[in-house]
Amino acid sequence: VQLVESGGGLVQTGGSLRLSCAASGSTPSAYNMGWFRQAPGKEREFVGCISWSGGSTYYADSVKGRFTISRDNAKNTVSLQMNSLKPEDTAVYCCAAASRGGSWPIRGDYWGQGTQVTVSS
């Protein structure tokens, strides 16, 4: 499965952004999907994930209550709505897909290239 992210950009503290991930290839709707991020000089960090059906979600404590993941299997897209953004949310955000039989929260079998999110103070 191929993944392409979009929607990153520059936003002020407290603002919102919506990231999208377009999936293509072998039955994207059969995969659990998620988002990870990596800030400069830091390791990649799990953000959240959503099950293949959209029925279950899981979030990192650092974003819980501020970020929401959704998916539209008819359009093969996964979205990350980010509200109340903070400077520490600044990172490259990557979409990931994982086999349904894998771990939960997901670890990612397929990855997109990422999109930059910068939150100014």
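A residue is called buried when its relative accessible area is under 20%. In this predicted model, Cys49 has 0% relative accessibility and therefore counts as buried. Cys49 takes part in no disulfide, and the nearest cysteine sulfur, that of Cys95, lies 12 Å away.

Cys94 is likewise in no disulfide; its nearest cysteine sulfur, again that of Cys95, is at 8.7 Å. With 15% relative accessibility, Cys94 also falls under the cut-off and so counts as buried.

## The disulfide

The model contains one disulfide. This bond joins Cys21 to Cys95, with an S to S distance of 2.1 Å. The link of Cys21 and Cys95 is left-handed, with -80 degrees about the S-S bond. Cys21 belongs to strand β3 (residues 17–24) and Cys95 to strand β9 (residues 91–98), so the pair ties together parts that are 74 residues apart in sequence. Both Cys21 and Cys95 are buried.

## Strand β4 and its partners

Strand β4 (residues 32–38) is mostly covered, six of its seven residues being buried. Strands β4 and β9 run antiparallel and are joined by seven bridges. In this pairing, Phe36 stands opposite Cys94 of β9.

Strand β4 also runs antiparallel to strand β5 (residues 45–50), to which five bridges join it. Here Met33 stands opposite Ile50 of β5. The two strands β4 and β5 form a hairpin with six residues between them. Within the turn, Gly41 has a positive phi of about 75 degrees.

Terms used: Residues numbered from 1 in each chain as written. Predicted model: local features only at pLDDT ≥ 70, side-chain atom pairs only at ≥ 80, totals over all residues. Heavy atoms only, no water. Disulfide = S-S within 2.5 Å. Helix = DSSP H or I, 4+ residues; strand = E, 2+ residues; numbered from the N terminus. Buried < 20%, exposed > 50% of the residue type's maximum accessible area, 1.4 Å probe, protein only. Pairing = 2+ DSSP bridges.
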